[in-house]
Amino acid sequence: NSNHIVFTMDQSQASGDTTITKEDVAKELDATLAHEHGLNAVFRSSEHIINLASCVLASGATLFQELENPLAESMTGHTSLIEEKCAIPYIISKNSSSEVYRATFALVDYISQNSDIARSDILVVPCTDDTLKNLKTYADENGKNHISIEKRGDNLAVSTASEKNSYVIGGMDYIGGLEFSAVVIVGADSDKFPGQSTYTVE
């Protein structure tokens, strides 16, 4: 039955890990059994994800009642030193796009100087493709030496930025698997994110 769904979770998130494949399914279970029941592996970025999503929706809400909660018994991997460096996220609002772009680079410089973090270790994440394009244009026009992450897991771009102490700009689709000491999210408008939290905002 194509509506029977078996799922796995990658709880390690190690940069070298890979997802299971159709061949892995056949090897671990039984090739004949896998073929007979049409067992397959679907990666989240493949064209087959649409069919999987349809099966999930057709299965109804009861499908989710038995799913494991990966956070139920999770523990932080942070040391006390890292915890001390953590800061509560805050919001900075501006009246125009140009002010937002100017404030973005000023904020990166401020964090770098006050937290003793290299400029290249602070990621700037635009929320939309238009914001990404306009932010890069602003950087070019105002002499902001920057490196743009153009593909997922682009460690080469990160390494280059580190060597030149450049600003790092990365679209949301490309920053998975990369690590930074601080992140500045640009364009977090009210229609794109949940409502205001209990934290004091600026």
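Guide: Helices and strands are here DSSP runs, at least four residues long for a helix and at least two for a strand, numbered from the N terminus. The model is a predicted one.

Ser166 counts as buried because its relative accessibility is 1%, and the cut-off for burial is under 20%. Its side chain makes a polar contact of 3.1 Å with the side chain of Asn145. Beyond its neighbours within four places in sequence, Ser166 is in contact with Arg119, Ser120, Asn145, His146, Ile147 and Ala161.

Ser148 is placed in strand E2 (residues 146-149). Ser148 also counts as buried, because its relative accessibility is 16%. The side chains of Ser148 and Glu150 are joined by a polar contact of 2.7 Å. Apart from residues up to four places away in sequence, Ser148 touches Lys136, Ala157 and Ile169. Val158 stands ten residues from Ser148 along the chain, and their C-alpha atoms are separated by 8.8 Å.

From Ile169 the description can pass to Phe105, which touches Ile169 as well as Leu135, Tyr138, Ala139, Lys144 and Tyr167, residues up to four places away not being counted. Phe105 is among the residues with the most contacts inside the largest nonpolar core, together with Ile111, Ile122, Leu135 and Val184; that core has 17 residues. Helix H5 (97-115), strand E1, helix H6 (129-141), strand E3 (167-170) and strand E4 each supply at least two of its residues. H5 provides the largest share, namely five residues.

Two of the strands named above are paired. E1 (residues 122-126) and E4 run parallel and are joined by five bridges; the bridge partner of Ile122 in E4 is Ala182. In a regular strand, side chains alternate between the two faces of the sheet. In strand E4 (residues 182-186), Ala182, Val184 and Val186 form the covered face, whereas Val183 and Ile185 form the uncovered one.

The wider setting is as follows. The protein chain has seven helices and four strands, in the order α-α-α-α-α-β-α-β-α-β-β along the sequence. Of its 202 residues, 23% are buried. Among contacts with a separation of 6 or more, 59% are between residues 24 or more positions apart. The whole structure contains zero disulfides. As for the cysteines, Cys86 is partly exposed because its relative accessible area is 44%, while Cys127 counts as buried because its relative accessibility is 16%.

Confidence remains to be considered. The chain averages a pLDDT of 76, and 69% of the residues score at least 70. Over residues 12-16 the pLDDT is below 50, and this stretch has one contact in the model beyond near neighbours in sequence. Residues 197-202 also have a pLDDT below 50, with seven contacts beyond near neighbours in sequence. Where pLDDT is low, the predicted coordinates should not be read in detail.

Key: Residues are numbered from 1 along each chain as its sequence is written. This is a predicted model: local features need pLDDT of at least 70, side-chain atom pairs count only at pLDDT 80 or more; totals for chains, interfaces and linings use all residues. Side-chain values use heavy atoms; hydrogens and water are left out. Buried means under 20% relative accessible area, exposed over 50%, partly exposed in between (1.4 Å probe, protein chains only). Two strands pair if DSSP finds at least two bridges between them. Contact means heavy atoms within 4.5 Å. A polar contact is a pair of N or O atoms within 3.5 Å; within protein, one must be able to donate a hydrogen and the other to accept it, and residues adjacent in sequence count only if both atoms are side-chain atoms. A disulfide is a pair of cysteine sulfur atoms within 2.5 Å. pLDDT is the predictor's confidence in each residue, from 0 to 100. A nonpolar core is a set of buried Ala, Val, Leu, Ile, Met, Phe, Trp, Tyr and Cys residues joined through side-chain atoms within 4.5 Å.
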